[in-house]
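Thanks for making time, everyone.

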Amino acid sequence: MALAARLVSRSRQLYSAQAALANGGATQVRFYAKETAPADRPPVNGDDLLKGIFFEVKKKFETAIGVLKKEKITIDPDDPAAVSRYAQVMRTVRQKAGLLSDSERIKYTIETFTKGIPDARTYLNTLQEIRIKSGLIDDFGVEAMMMEALEKVEKEIKKPLLRSDKKNMGLLLAEFEKINKKLGICKEDLPKIEAELEMDIAKSELTELKKECVEAMELQLKREEFKDEEMPDVRKLDIRNWL
């Protein structure tokens, strides 16, 4: 699972990075707000901003809890149907609460921190900084290959490559596509890989949830008032009763 996670995360990051690089930072990123603020909206002070963020987060949390109170989850990581059901519920939570998926989070981070960078070299260096600060490892040496591709293009055009230079950016993107093929990364396969990863993550989370439930019940049974009780089957627990 760890290798698959790194592969899909790196693949998503790679394509998001390449797309943002070619876009010249023009993409408008929206996080909490569904629509950009009107130009005539008065500025807000710090307290109002923090208050707005708090209530937005509170609303998302309550929405998520509302979904979990309605949807039945079977804590059985060894049952494919239970794993699929859990993944579906968590997908519903993200959709209704307006939470970002992994791929959306990658895209948001890249576009936010590289917006306005004029040249390709600074962009790639910033991308490396983002990766390092995020604690991610460049397992496949992609950054070095992308920088080599940039060196090749800049040597050919005899000047620094600007993101606004569409013609020569096309040369760089063509080199990037060679890198993608070399790594066996195909954009068309990403949805399938991501779906498989979603199931792996769901199983991992259910496994951890089962472990926590068993540990909590074992601790409870050590208490004098429960010493004659039998430990219930974790698969029959209904977490909705505790929400």
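Let me begin with helix 3, residues 80–97, and helix 8, residues 190–221, which in this predicted model pack at an angle of about 100°, with their axes 9 Å apart. Since angles from 65 to 115 degrees count as roughly perpendicular, helix 3 and helix 8 are therefore described as roughly perpendicular to each other. On the helix 3 side the contact is made by A82, V83, S84, Y86, A87, R91 and R94, and on the helix 8 side by E198, M199, A202, K203, E205 and L206. Sorted by class, that contact of helix 3 with helix 8 has 7 nonpolar, 1 polar and 5 charged residues.

While we are in this part of the chain, the UniProt record, an unreviewed entry, carries the annotation "coiled-coil region" for residues 192–229. In the model, the span of residues 192–229 is 79% helix and 0% strand, and its end C-alpha atoms lie 46 Å apart.

Now to the second pair, helix 5, residues 120–133, and helix 6, residues 142–157, where the packing angle is about 175° and the axes are 10 Å apart. That angle makes helix 5 roughly antiparallel to helix 6, because the cut-off for that description is over 145 degrees. If you select the residues that meet, you will have A120, R121, L124, N125, L127, Q128 and R131 in helix 5, and E143, M146, M147, L150, E151 and E154 in helix 6. By class, the contact of helix 5 with helix 6 has 6 nonpolar, 2 polar and 5 charged residues.

Staying with helix 6, how far apart are its end C-alpha atoms, and what should its 16 residues span? At 1.5 Å a residue they should span 22 Å, and the end C-alpha atoms are 23 Å apart, which agrees. The buried residues in helix 6 are V142, E143, M145, M146, M147, A149, L150, V153, E154 and I157.

The C-alpha atoms of M147 and F176 are separated by 9.9 Å, with the two residues 29 residues apart along the chain.

Technical notes: Residues numbered from 1 in each chain as written. Predicted model: local features only at pLDDT ≥ 70, side-chain atom pairs only at ≥ 80, totals over all residues. Heavy atoms only, no water. Axes fitted to C-alpha atoms, helices over the stretch in contact; angles between N-to-C directions. Helix = DSSP H or I, 4+ residues; strand = E, 2+ residues; numbered from the N terminus. Parallel < 35°, antiparallel > 145°, perpendicular 65-115°, else oblique. Contact = heavy atoms within 4.5 Å. Nonpolar A, V, L, I, M, F, W, Y, C, P; charged D, E, K, R; others polar. UniProt positions renumbered as here; feature names shortened; annotations may be inferred. Expected span 1.5 Å × (residues − 1). Buried < 20%, exposed > 50% of the residue type's maximum accessible area, 1.4 Å probe, protein only.
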